[in-house]
Amino acid sequence: MCAGDAGQRHVLQWLLGRAARLSPGDATQLKLHNYAIGSEDVLHIASALRTDTTLTSLGLCCSSVGAVAQHIAEALKVNATVANLYLSSEDIGYYGVQHIAEALKVN
């Protein structure tokens, strides 16, 4: 699927909405490996991370985090529950890595 696919965006919104309603003991992982997730989608994930208290593991492998890594990093600074972050196969860049590293110092 391409990043602009309406069906994929609907699934992503459902996943994020579901993650926001999880209660303790429910699934605490969101792995979006090998999905064609665009920068706008990653911004939505970052926004959800700011208030989410259930996810402990987030995988954004093979998606477009590079351009918006700062937003993920800012969300991680206020999210105290994400303990595992998987960003393999990312074109995150030097500054993206710096933003994530700074966030991890706080989290």
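**Helix packing around H3 in a predicted model**

Trainee: At what angle do helix H3 and helix H4 pack, and how far apart are their axes?

Mentor: In this predicted model, local features need pLDDT of at least 70 and side-chain atom pairs count only at pLDDT 80 or more, while totals for chains, interfaces and linings use all residues. Residues are numbered from 1 along each chain as its sequence is written, and side-chain values use heavy atoms, with hydrogens and water left out. Helices (H or I, at least four residues) and strands (E, at least two) are DSSP runs numbered from the N terminus, and axes are lines fitted to C-alpha atoms, for helices over the stretch in contact, with angles from 0 to 180 degrees between N-to-C directions. For H3 (residues 69-78) and H4 (residues 93-106), the angle is about 0° and the axes are 8 Å apart.

Trainee: How are H3 and H4 oriented to each other, roughly parallel or roughly antiparallel?

Mentor: Angles under 35 degrees count as roughly parallel, over 145 as roughly antiparallel, 65 to 115 as roughly perpendicular and the rest as oblique. With an angle of about 0°, H3 and H4 are therefore roughly parallel.

Trainee: Which residues of H2 meet H3?

Mentor: Helix H2 (residues 39-51) packs on H3 at about 10°, with the axes 8 Å apart, and the two are therefore roughly parallel. On the H3 side, the contact (heavy atoms within 4.5 Å) involves His71, Ile72, Glu74, Ala75, Leu76 and Val78. The H2 residues that meet them are Val42, Leu43, Ile45, Ala46, Leu49 and Arg50.

Trainee: Where does Thr81 sit, and is Thr81 buried or partly exposed?

Mentor: Thr81 lies in the loop between H3 and strand E3 (84-86). Beyond its neighbours within four places in sequence, Thr81 is in contact with Asp52, Thr53, Thr54, Leu55 and Thr56. Buried means under 20% relative accessible area, exposed over 50% and partly exposed in between (1.4 Å probe, protein chains only). Since its relative accessibility is 25%, Thr81 counts as partly exposed.

Trainee: Which element of the protein chain has the highest mean pLDDT?

Mentor: The chain has 4 helices and 3 strands, which run α-β-α-β-α-β-α from the N terminus on. Its pLDDT, the predictor's confidence in each residue from 0 to 100, averages 74, and 67% of the residues score at least 70. Among the elements, helix H1 (residues 6-20) has the lowest mean, 58, and the highest, 91, belongs to H3.
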